[in-house]
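Open the model in your viewer and keep a selection tool at hand.

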Amino acid sequence: MSDYETVVIGGGAAGIVAAISAKRKGAGVLLCEKNPSLGRKILASGSGRCNLLNKDLSEKYYNAGAKILVKSIFAKFGRERIKEFFKELGLELYAEEGRIFPITNQAASVLRVLEIELKRSSVAVEFNFEVVDIKASGNGFTVVSKSRKNISCNKIIITGGGKSYPALGSDGSCYRFARQFGHTIIEPVPSAVPIVAKDRLCHFLQGQKIFANAKGVIEGKVINEAGGEVLFTKYGLSGTAILDISRDLSVALNRHPKKEASLLVDMAPSITKDEFKKELTRKLNRGIPCEDTLTGILPNKFKLAMEDLLKQKDLNGIINSAKEKIFKVLGTRGWNEAEFTSGGIAVNEVKESTLESKLKKGLYFAGEILDVDGERGGYNLAWAWASGFVAGLMQ
Ligand SMILES: Cc1cc2nc3c(=O)[nH]c(=O)nc-3n(C[C@H](O)[C@H](O)[C@H](O)COP(=O)(O)OP(=O)(O)OC[C@H]3O[C@@H](n4cnc5c(N)ncnc54)[C@H](O)[C@@H]3O)c2cc1C
């Protein structure tokens with residue numbers, strides 16, 4: 001006789017929902033979390049507001065290899081089911097440009113309604129319980145904690161997360177359990193991550209934010225683009241537009257075989273090159289010194305950053321530098337600054353309808369630990385809720 005029917009390893013978004021879902025199916029459930037509290041990443045999400053879903057939820061917003069699996073899981077627990085789930089828990093939602101947030105604008109509300117539901121449905125929770133080993137025993141498993149506590153169960157759902165923001169609990173240590181049962185781990189790389197670029201502009205413009213259009217270029221080919229905020233930092237570039245296109249660059253730069261990458265940034269996207277030239281010429285004709293012609297088009301710091309071109313009155317050079325600026329990318333920042341993980345347990349090794357391992361009966365995975373990553377905008381939490389719920393059904 002096992003201690004529990006189901007043990008869920010990892011009390012993040014996916015694990016909490018998996019535990020609730022398994023309990024609703026009547027299973028005796030234990031949720032194990034290595035931290036002294038649950039859902040630390042939920043609290044950090046959306047800058048503390050928790051962008052928990054998107055109005056336009058579909059597999060097209062996820063990495064190519066994961067689309068079939070994501071489609072199958074959303075067919076069972078998609079946008080409307082996720083909304084109903086939170087509505088039932090008493091969480092009011094609202095949408096802002098398609099992104100869905102709690103009406104309180106507090107990630108803490110999201111976590112709290114989940115904690116209340118865990119308690120209401122009598123899910124057992126062990127805090128400070130770091131799982132260090134899983135042993136297959138008979139038809140089930142024995143889960144071993146760091147403090148050498150053994151718990152037996154019939155089914156396990158592993159929701160230990162990826163590698164991003166290790167301080168919040170997910171440090172990639174759960175991949176080894178999957179490996180132990182023969183699973184393949186697609187090399188994890190940081191995603192939604194600032195980019196390291198060596199360019200004098202970054203030095204001069206440190207701390208400056210602009211609205212720009214950024215394109216990711218791999219081996220000379222433009223592969224994606226995004227408009228939005230670009231922030232210059234001492235090591236390179238960040239901001240929403242950069243984070244939005246960082247995934248493919250990170251895969252190219254960090255995963256073998258490594259490829260060459262650069263960024264092509266239009267720092268004045270609101271005007272065309274022709275309009276730009278006309279405006280600079282008009283200002284010169286009014287007697288404005290060339291050094292001051294960028295004022296009003298780009299932030300004042302650009303005067304210093306483009307000093308040489310302005311001195312030379314090289315209008316084409318100025319315009320090209322502003323509208324087609326190439327940043328040679330040296331790498332990405334690390335796991336402490338990456339919102340998500342690209343990579344993880346190979347999705348073709350789990351059953352599309354249940355998320356049960358194809359290699360070990362009774363073993364399930366959900367959330368960021370799988371090789372599923374979505375675009376920014378609520379897609380990663382959507383995946384965590386949906387996959388957690390479906391894994392918990394264990395059908
Ligand atoms: C700063 C930041 C902002 C974000 N904002 C958004 C957003 O607004 N919208 C969005 O959709 N996504 C956002 N994300 C991504 C999203 O939060 C994650 O994709 C999602 O929380 C992953 O959920 P998970 O349950 O799979 O993993 P996690 O939330 O990482 O949870 C894993 C849990 O497992 C525990 N654990 C790990 N190993 C063990 C072990 N051996 N034993 C016991 N417990 C263990 C960890 O402590 C952790 O609590 C953001 C991420 C970050 C870092």
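Select S45 to begin: its relative accessibility is 14%, so S45 counts as buried (buried is under 20% relative accessible area, exposed over 50%, partly exposed in between, with a 1.4 Å probe and protein chains only). This is a predicted model, in which local features need pLDDT of at least 70 and side-chain atom pairs count only at pLDDT 80 or more, while totals for chains, interfaces and linings use all residues. Residues are numbered from 1 along each chain as its sequence is written, and side-chain values use heavy atoms, with hydrogens and water left out.

S45 sits in the loop between α2 (40-44) and β3 (53-54); helices (H or I, at least four residues) and strands (E, at least two) are DSSP runs, numbered from the N terminus. Show its contacts, meaning heavy atoms within 4.5 Å. Leaving aside residues up to four places away in sequence, S45 touches C50, A107 and L381.

Now select S47, which lies in the loop between α2 and β3. Is S47 buried or exposed? S47 counts as exposed, because its relative accessibility is 75%. Check its backbone too: phi of S47 is near 50°, a positive value in a residue other than glycine. Most residues other than glycine have a negative phi, and most peptide bonds are trans.

Follow the chain into β3. An open sheet of 3 strands has the order β3-β5-β4, with antiparallel pairing; two strands pair if DSSP finds at least two bridges between them. Its edge strands are β3 and β4 (93-96), each pairing on one side only. Between β3 and β5 (residues 99-102) there are 2 bridges, and N54 stands opposite R99 in β5.

G378 belongs to the loop between β18 (363-365) and α13 (379-393), and its relative accessibility of 7% is why G378 counts as buried.

**The barrel**

Next, select β11 to β16. A closed barrel of 6 strands runs β11-β14-β13-β12-β15-β16, and the pairing is antiparallel. On average, neighbouring strands of this sheet are turned by 45° against each other, direction ignored. Angles in general run from 0 to 180 degrees between N-to-C directions, with axes as lines fitted to C-alpha atoms, for helices over the stretch in contact.

Zoom in on β12 (residues 209-218) and β13 (residues 221-232), which run antiparallel and are joined by 10 bridges. F211 has E229 in β13 as its bridge partner, and K215 has E225 in β13. The two strands form a hairpin with 2 residues between them, and E219 in the turn has a positive phi of about 50°.

Move on to β14 (236-238). β13 and β14 pair in the antiparallel sense over 2 bridges, with S238 in β14 as the bridge partner of L231. These strands also form a hairpin, with 3 residues between them.

**Helices across the barrel strands**

Select α8 (residues 240-254). This helix lies across β11 (195-197), β12, β13, β14, β15 (261-266) and β16 (325-332), running at about 135° to β13. Then select α12 (residues 315-323), which lies across β15 and β16 and runs at about 115° to β15.

Between α8 and β15 is a loop that holds P257. Look at the peptide bond from H256 to P257: the bond is cis, with omega near -5°.

**One more loop**

Go to N128, in the loop between β6 (124-126) and β7 (131-137). Although not a glycine, N128 has a positive phi of about 50°. N128 counts as exposed because its relative accessibility is 54%.

**The whole chain**

Finally, zoom out. The chain has 13 helices and 18 strands, and its C-alpha atoms fill a box of roughly 90 × 45 × 35 Å, taken along the principal axes. Of its 395 residues, 53% count as buried. Among contacts between residues at least 6 apart in sequence, 71% join residues at least 24 apart.
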